[in-house]
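Here is a short briefing on one protein model. Look at the structure first, then work through the points by topic.

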Amino acid sequence: MTEDVAFLRSGGAMSERMRRHDWTSSSLGSPRNWPQPLRSTVRLMLASKFPMFVAWGSELGFLYNNAYAELLGEKHPSALGQRFQDIWAEIWPDILPFIEAALRGEATWVENLPLTINRHGQDEETYFTFSYSPAFDDEERVVGMFCACTETTRQVLAERSLKAGVEDFRSMANDAPAMIWVTDPNGYCTYLNRRWYEFTGQVEEEALGLGWSKATHPDDQDRATAEFLTANSAQAPFSIDYRLRRADGVYRRAVDRAEPRFGPSGEFLGYIGLVFDIGDDR
């Protein structure tokens with residue numbers, strides 16, 4: 001490698017591709033003639049494991065690292081050295097405000113921006129979190145922009161699916177004849193269904209956390225709370241009988257049963273439980 005392109009030596013596959021690339025059709029020209037600020041930016045970018053690109057010059061010639069190449073799909077490797085606008089023409093109107101801000105010298109940061117992109121021959125619903133920063137020459141003039149980004153599509157869609165699942169569960173639970181409750185790993189009750197509030201007369205602010213225990217008989221409250229917290233510490237099934245106060249003040253015998261929930265990696269998530277009214281307290 002000649003000394004004038006030594007800055008391209010530390011970026012793996014993309015370094016090699018840049019060294020061998022035919023730059024005659026690119027506004028960037030040969031790497032041998034790139035200004036020092038661009039060389040420094042490219043060296044930093046190629047060494048990073050985080051997806052990054054730089055768009056430089058009046059036509060915003062596009063350079064990117066190995067991690068960003070994976071985000072381009074079939075646009076790679078033809079995107080190398082091309083105009084930023086041509087590479088991402090389908091989302092240009094969406095990202096142009098951030099580009100214009102960078103070219104004015106203003107850095108921007110965007111979280112989970114929805115973008116419909118075409119990188120595998122068809123439109124895809126995607127989400128990206130990224131920062132656009134101005135790139136400067138030796139005279140402190142803005143001559144391009146630099147981006148660090150990550151695709152968050154899987155995270156956003158998973159959270160959306162989880163939220164929909166929670167909403168479906170709550171809708172089902174609210175129609176159930178039994179009292180249903182859910183806790184977090186610390187034993188904090190995060191949800192009780194409509195039947196609980198109708199039966200006990202409690203409101204949400206009273207019942208969440210360990211407030212549900214205040215609806216038990218005063219003589220049962222300490223025992224119910226202690227047995228639950230012991231089961232929670234052991235991440236074991238929970239089962240207890242106690243007297244539960246009805247909204248009219250009458251105490252009824254109740255059976256409370258719960259099973260621990262575990263995540264895909266075995267992590268304890270808390271409990272889901274059922275409370276049944278089994279008769280008058282006699």
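In what sense do strand 4 and strand 5 pair, and over how many bridges? Strand 4 (residues 123–136) and strand 5 (residues 142–151) are antiparallel, and nine bridges join them. Keep in mind that this is a predicted model.

- Ala 135 has Gly 144, in strand 5, as its bridge partner.

**Strands 1 and 2**
- Strand 1 and strand 2 run antiparallel and are joined by four bridges.
- Ala 55 stands opposite Phe 62 of strand 2.
- The hairpin of these strands has four residues between them. In this hairpin, Gly 57 takes a positive phi near 90°.
- In a regular strand, side chains alternate between the two faces of the sheet.
- Strand 2 has Gly 61 and Leu 63 pointing one way, with Phe 62 and Tyr 64 pointing the other way. All four are buried.

**Helices on the sheet**

**Nonpolar cores**
- In soluble globular proteins, nonpolar side chains tend to be buried together.
- The largest nonpolar core has 49 residues. Those with the most contacts inside it are Met 18, Val 42, Phe 53, Leu 63, Tyr 64, Phe 84 and Tyr 132.
- Which residues does Phe 53 contact, leaving aside its neighbours within four places in sequence? The contacts include Met 45, Phe 62, Leu 63, Tyr 68, Met 145 and Cys 147.
- Another core, of 22 residues, lies apart from the largest one. Cys 189, Ala 207, Trp 212 and Tyr 242 are among its residues.

**Helix 9**
- Helix 9 (residues 218–234) has 17 residues. At 1.5 Å a residue, helix 9 should span 24 Å. Its end C-alpha atoms are 25 Å apart, which agrees.
- Which residues of helix 9 are buried? They are Asp 220, Ala 224, Thr 225, Phe 228, Ala 231 and Asn 232.
- Seen down the helix axis, these buried residues fall within an arc of 135°, so they line one face of helix 9.
- The buried residues of helix 9 pack against strand 6 (179–183), strand 8 (238–245) and strand 10 (268–280).
- The face turned away from the buried side carries the exposed residues Asp 219, Asp 222, Thr 230, Ser 233 and Ala 234.

- Ser 48 is in the loop between helix 2 (36–47) and strand 1 (52–56). Is Ser 48 buried or exposed? Ser 48 counts as buried because its relative accessibility is 19%, and buried means under 20%.
- Ala 6 is in the segment before helix 1 (12–20). Ala 6 counts as buried, at 7% relative accessibility.
- Ala 6 and Ala 47 are 41 residues apart along the chain, and 13 Å separates their C-alpha atoms.

Notes: Residues are numbered from 1 along each chain as its sequence is written. This is a predicted model: local features need pLDDT of at least 70, side-chain atom pairs count only at pLDDT 80 or more; totals for chains, interfaces and linings use all residues. Side-chain values use heavy atoms; hydrogens and water are left out. A nonpolar core is a set of buried Ala, Val, Leu, Ile, Met, Phe, Trp, Tyr and Cys residues joined through side-chain atoms within 4.5 Å. Buried means under 20% relative accessible area, exposed over 50%, partly exposed in between (1.4 Å probe, protein chains only). Contact means heavy atoms within 4.5 Å. Two strands pair if DSSP finds at least two bridges between them. Helices (H or I, at least four residues) and strands (E, at least two) are DSSP runs, numbered from the N terminus. The expected span of a helix is 1.5 Å times one less than its number of residues. The arc is that of the directions from the helix axis to the C-beta atoms.
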